[in-house]
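Welcome, and thanks for taking a look at this one. Here is a short tour to read alongside the structure.

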Amino acid sequence: MVGKTILFTSGKGGVGKTTCTANIAAALAAQDHTMNICMIDMDIGLRNLDIQFGLENRIVYNLVDVVEGTCKIKQALVRDKRLPNLCLLPSAQTRDKSAVNPEQMIELIDELRTQFDLILIDCPAGIEQGFHNSAAAADEAIIITLAEMSAVRDADRIIGILESYPRKINCWLVINRLNPGMVKTNDMMGVDDVIEILGIRLLGVVPEDKRIIIATNKGEPLSLNNENDWAGQAFRNIAKRLTGEELPLMDIFGENQNIFLKQLKKLKALIKFK
Amino acid sequence: MGLLGWLTGPPKEETSKDEAKKRLQLTIFHDRMEIMELSPDRLEALKQDLMDVIAKYFEINTTGTECTLEQDEKEVAFVANIPVKRLKGSKN
């Protein structure tokens with residue numbers, strides 16, 4: 001088995017790297033139970049991926065323990081409560097980014113490749129050592145951005161750094177937390193604007209959705225909830241595209257809605273209002 | 001406002017999105033230049049180096065030389081325009 005390694009990165013903090021990693025990992029594991037997936041939380045000192053899955057109380061060993069040889073990889077991996085084919089290698093909370101180096105990460109991931117089909121790396125914010133540790137063994141990168149100036153600028157910087165790596169890393173774009181209403185009123189850049197600026201292939205668009213916060217409160221990724229919800233569906237679509245399925249973008253702007261149906265809804269709303 | 005203006009409505013105001021996009025494109029362009037370490041001074045030095053090399057083979061018009069950085073969707077391109085008078089070493 002030679003597992004593929006995918007990096008989730010953004011440059012800027014707070015754009016949803018960890019949320020995207022968790023939701024896409026959960027959707028991938030749920031859509032194919034034979035696919036063994038390992039997530040690595042690379043944010044040493046600021047561990048958070050465990051929270052997304054409600055696994056914060058199950059951590060015994062961590063990434064730094066494995067790299068330093070304190071324990072075996074198997075001892076540090078935490079299995080998800082719902083999905084037996086999904087594992088987390090948690091980050092250390094008491095150390096910092098310099099506790100590991102890129103060579104050690106390549107060695108560790110080469111080992112994991114023999115046991116897992118897919119290795120998903122949750123990168124810390126910034127372009128310093130934490131980033132280089134995370135990118136060292138990546139085959140592909142998913143660049144998470146928002147349709148906001150600073151997030152797009154930082155994403156461009158990250159793409160530039162990844163392009164300067166001697167190894168070719170395929171870059172994909174995910175636009176997170178898009179607000180369709182603001183795009184419609186021209187108060188937020190749209191999908192096409194962001195693609196035009198960054199010039200990389202689009203993997204998906206995730207609409208803004210308050211249920212993401214509720215899902216984190218419960219420790220269960222939204223993409224596992226099979227309701228016809230916005231963001232959850234967007235993550236499930238991204239997971240399908242990652243496994244080769246061709247899917248059109250979700251209709252978050254309501255453009256494909258039947259005009260007749262729209263009028264009917266308006267009428268209904270009007271009647272209700274009265 | 002003439003008849004045409006009346007028909008087409010008032011000129012469209014620039015939306016905050018347009019402003020963001022414009023500012024962002026310019027910022028990213030400058031970021032990339034800085035990362036490539038191409039400050040105006042270095043650009044001038046590059047231009048001189050280029051002309052020195054070209055001058056070995058051609059007789060060139062030094063005043064008409066232009067060097068610019070142009071940006072398309074994917075990357076910034078370095079474009080040099082050096083007018084050539086004649087090939088060096090040729091009889092005429």
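Let's begin in chain B, where Asp31(B) sits in helix α2, spanning residues 16-35. Please keep in mind that this is a predicted model. Asp31(B) has a relative accessibility of 16%, so the residue counts as buried.

**Where chains A and B meet**

- On the chain A side, 16 residues are in contact with 15 residues of chain B.
- Together the two chains bury about 1,500 Å² between them, and carbon and sulfur atoms account for 56% of that area.
- Arg153(A) turns up again here: with Met149(A) and Ile197(A), it supplies 37% of the area that chain A buries against chain B, more than any other three residues.

**Chain B as a whole**

- Chain B contains 3 helices and 4 strands, and their order along the sequence is α-α-α-β-β-β-β.
- Of its 92 residues, 21% count as buried.
- Taking contacts in chain B between residues at least 6 apart in sequence, 49% link residues at least 24 apart.

**Helix α5 of chain A**

- Helix α5(A) runs over residues 102-113, and its 12 residues reach 16 Å from the first C-alpha to the last, close to the 16 Å expected at 1.5 Å a residue.
- Which residues of α5(A) are buried? They are Met105(A), Leu108(A), Ile109(A), Leu112(A) and Arg113(A).
- Viewed down the axis of α5(A), these buried residues fall within an arc of 140°, so they line one face of the helix.
- At the start of the helix, a side-chain oxygen of Asn101(A) comes to within 3.1 Å of the backbone nitrogen of Glu103(A).

**Nonpolar cores**

- The largest nonpolar core has 58 residues, and Leu63(A), Leu108(A) and Ile143(A) are among those with the most contacts inside it.
- Helix α7 of chain A (residues 149-163) gives the most to this core, with 6 residues.
- Another core, of 41 residues, lies apart from it and includes Phe8(A), Leu28(A), Met35(A) and Leu88(A).
- Setting aside neighbours within four places in sequence, Leu63(A) has contacts that include Ile40(A), Leu89(A), Met105(A) and Leu108(A).

**Two buried residues of chain A**

- Ala137(A) is placed in the loop between α6 (129-135) and β6 (140-145).
- Is Ala137(A) buried or exposed? Its relative accessibility is 4%, so Ala137(A) counts as buried.
- Beyond neighbours within four places in sequence, Ala137(A) is in contact with Thr5(A), Ile106(A), Ile109(A), Arg113(A) and Arg167(A).
- Ala137(A) and Glu107(A) are 30 residues apart along the chain, with 8.7 Å between their C-alpha atoms.
- Leu7(A) belongs to strand β1 (residues 4-9) and is buried, with a relative accessible area of 0%.
- From Leu7(A) to Met39(A) the C-alpha separation is 10.0 Å, and the two are 32 residues apart in sequence.

Conventions:
Residues are numbered from 1 along each chain as its sequence is written. Chains are lettered from A and ligands numbered from 1 in the order in which they are written. This is a predicted model: local features need pLDDT of at least 70, side-chain atom pairs count only at pLDDT 80 or more; totals for chains, interfaces and linings use all residues. Side-chain values use heavy atoms; hydrogens and water are left out. The expected span of a helix is 1.5 Å times one less than its number of residues. Buried means under 20% relative accessible area, exposed over 50%, partly exposed in between (1.4 Å probe, protein chains only). The arc is that of the directions from the helix axis to the C-beta atoms. A polar contact is a pair of N or O atoms within 3.5 Å; within protein, one must be able to donate a hydrogen and the other to accept it, and residues adjacent in sequence count only if both atoms are side-chain atoms. A nonpolar core is a set of buried Ala, Val, Leu, Ile, Met, Phe, Trp, Tyr and Cys residues joined through side-chain atoms within 4.5 Å. Contact means heavy atoms within 4.5 Å. Buried area is the accessible area (1.4 Å probe) that two parts lose on being put together, summed over both.
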